[in-house]
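Open the model in a viewer and keep the selection panel at hand. The stops below go from strands to a helix.

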Amino acid sequence: MEFENIIYKVEDGIATIQLNRPKALNALNSEINRDIMAALQLLQQDASVRVLVMTGSEKAFAAGADVKEMANATPRYAKEFCGLAIDINNLLESLPVPVIAAVGGYAFGGGCEMTLACDFRVGGSRTTLSFPEVGLGIIPGANGCARATAIVGPAKAKQLVMLTEMIPGRQAYDLGLLNWYVESPALDELNAAARAAKKAYKEAQKAGSADVDTLKAAQKAAEAEAARAEYDAILDKAYAVARQLMAKPGCALASAKAAINKAANESVNAGKNQETIEFTLLFDTHDQKEGMAAMIEKRDAVFTNS
Ligand code: CAA
């Protein structure tokens with residue numbers, strides 16, 4: 001199905017929702033939120049889907065909720081607008097299939113909140129997470145305070161939200177906000193070339209050189225190439241993780257996600273109870289019988305996700 005503001009596809013059991021509103025750096029307005037929700041509803045009806053990848057572009061996962069739409073909102077409209085974002089994030093969190101966010105560039109405000117509702121996040125050196133809301137006179141409205149607290153703890157969450165700190169990819173990885181940080185000698189080389197091109201352009205600009213336009217174009221091209229390569233590496237990693245997850249029995253993955261979410265969202269005791277329920281129910285599945293038989297018989301298991 002075609003959408004105006006997102007690209008939705010399912011290939012070999014992996015669904016992808018790619019936010020596609022480039023003119024506003026994928027800012028989340030009502031239309032894009034409605035498209036995301038419609039795609040998630042399609043995905044829920046598609047039994048072939050085993051993993052979901054959420055992504056944007058090399059420039060931005062999403063630069064936040066659409067400030068232009070919100071600027072003159074009444075409290076009532078703000079509640080409605082945020083209600084849809086909250087529903088999307090809760091659905092991402094509660095889907096039985098794992099959800100991976102491939103985060104290139106900015107994930108600000110509502111975009112950051114959306115990535116935190118996913119089960120896993122992959123980023124790189126251009127990934128930047130941030131909660132700028134306090135600087136706009138509001139706070140994160142789609143459960144970002146709560147989800148950040150669950151991931152980094154209350155003291156760090158307060159630092160990020162109240163000081164509106166920018167969190168570059170490496171730091172986000174160190175904090176546990178990213179599960180994977182892509183790096184490689186090939187990316188290092190492209191980044192070094194982009195830095196060198198920028199330096200050459202700045203020096204030519206300072207010296208008033210005649211080459212300045214050519215060097216500016218070269219700098220833009222080098223940066224675009226490095227950013228594109230990094231984003232491709234982020235996507236490659238996200239799909240590699242997706243394939244790893246697809247090799248595992250889907251019922252066990254759904255149960256693990258439900259038990260961990262219960263512990264994170266309610267309490268350790270509620271999580272323990274959910275874990276016992278999920279553990280017990282899995283003994284009614286084909287994949288439990290197959291997984292254990294395969295282990296005993298020293299062969300590879302053939303899972304059917306049933
Ligand atoms: N809402 C609406 N439009 C946005 C936007 C947003 N959140 N973020 C970027 N855009 C638009 C810009 O207005 C601009 O459009 P025009 O060309 O028509 O002016 C276009 O996207 C490109 O943006 P920039 O020219 O600013 O690009 P940049 O590369 O110079 O800067 C940026 C990128 C640092 C992300 C900057 O755009 C920025 O700071 N954006 C705002 C981020 C923000 O405050 N997000 C939080 C929103 S509040 C929220 O999310 C609340 C919630 O939880 C519900």
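Two strands are said to pair here if DSSP finds at least two bridges between them. Helices (H or I, at least four residues) and strands (E, at least two) are DSSP runs, numbered from the N terminus. This is a predicted model: local features need pLDDT of at least 70, side-chain atom pairs count only at pLDDT 80 or more, and totals for chains, interfaces and linings use all residues. Residues are numbered from 1 along each chain as its sequence is written.

Select β3, residues 51–55, and β5, residues 99–102: the two pair in the parallel sense over four bridges. Leu 52 stands opposite Val 99 in β5.

Gln 18 is opposite Thr 55 in β3.

Stay on β3 and look at its two faces. In a regular strand the side chains alternate between the two faces of the sheet. Val 51, Val 53 and Thr 55 on one side and Leu 52 and Met 54 on the other are all buried (20 or more other C-beta atoms within 10 Å of a residue's own; exposed means 12 or fewer, partly exposed in between; C-beta atoms are placed from the backbone). Five of the five residues of β3 are buried, so the strand is largely enclosed by the rest of the structure.

Now go to helix α6, residues 154–162, where the buried residues are Ala 157, Leu 160 and Val 161. They cover an arc of only 90 degrees around the axis, which puts them on the same side of α6 (the arc is that of the directions from the helix axis to the C-beta atoms). On the face turned away from that side, select the exposed Ala 155 and Met 162. Finish at Thr 164, which follows α6 and has a positive phi, near 50 degrees.
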